[in-house]
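Let's take a friendly walk through a protein model and look at how charged side chains pair up. Have the structure open as you read.

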Amino acid sequence: SPDGRAANPVLEGPAYEARIAAAGGIDLQILGIGRNGHIGFNEPTSSLTSRTRIKTLAETTFKDNSRFFAKGEAQPELGITMGIGTILEARRILLLATGENKALAVAAAVEGSLSSMCPASALQLHRHAMLLVDEAAASQLKLKDYYRWVMSQQEKISKQFGTPSA
């Protein structure tokens, strides 16, 4: 991940992009989702074509992350994040979400419109994005039964014909 302690954080974004390119790209991008639909620290209104950069954290993200810091410990209000455009270049993406507190964000990402107001909705554009959610995180999905049906049909097809490598 980008070096949050880089001597010059403004230069870290382009340097990180260069390291990704030198490595041949990202095979698997594993993501979580914030309550406000952010992925990485791409908060609502982030450009869907953004690159690795410094980003100001939303107040909800700042509060949610406070549990990782001891009382009185300085907590950053900025982060260096891979951009949504960078994330979408990964060959495969896996988004993990658990808990009812993520249910509205998951529903917006999966069933909502493509929008910078829910950065995770950009995953709708990716050919090989998979969301793995528990029942609580899936609780606001309107088409849950349909998604289960699709999975069962895909399993049948895979058993009969194999899985395409593309």
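Start with Arg148 and Glu135, which form a salt bridge whose closest N and O atoms are 2.6 Å apart. Arg148 sits in helix H5 (residues 144-161), while Glu135 belongs to the loop between strand E5 (129-133) and H5, so this pair ties together parts that are 13 residues apart in sequence. Keep in mind that the model you are viewing is predicted. Side chains of opposite charge can pair when their charged atoms come close.

How open to the surroundings are these two partners? Arg148 counts as partly exposed, at 41% relative accessibility. Glu135 has 53% relative accessibility and counts as exposed, because the cut-off for exposed is over 50%.

Next, find Glu89 and Arg51, whose side chains meet in a salt bridge at 3.0 Å, N to O. This pair links distant parts of the chain, 38 residues apart: Glu89 is in the loop between helix H3 (84-88) and strand E4 (92-97), and Arg51 is in the loop between E1 and E2. Glu89 is exposed at 52% relative accessibility, whereas Arg51 is partly exposed at 32%. Salt bridges that share partners join Glu17, Arg51 and Glu89 into one network.

Now turn to Asp64, which forms a salt bridge with Arg35, with 2.9 Å between the closest N and O atoms. Here too, distant parts of the chain are linked: Asp64 lies in helix H2 (residues 59-65) and Arg35 in the loop between strand E1 (28-31) and strand E2 (53-56), 29 residues apart. Asp64 is partly exposed, at 24% relative accessibility, and Arg35 is partly exposed at 40%.

How many salt bridges are there by this rule? The count comes to eight.

Notes:
Residues numbered from 1 in each chain as written. Predicted model: local features only at pLDDT ≥ 70, side-chain atom pairs only at ≥ 80, totals over all residues. Heavy atoms only, no water. Salt bridge = Lys/Arg side-chain N within 4 Å of Asp/Glu carboxyl O. Helix = DSSP H or I, 4+ residues; strand = E, 2+ residues; numbered from the N terminus. Buried < 20%, exposed > 50% of the residue type's maximum accessible area, 1.4 Å probe, protein only.
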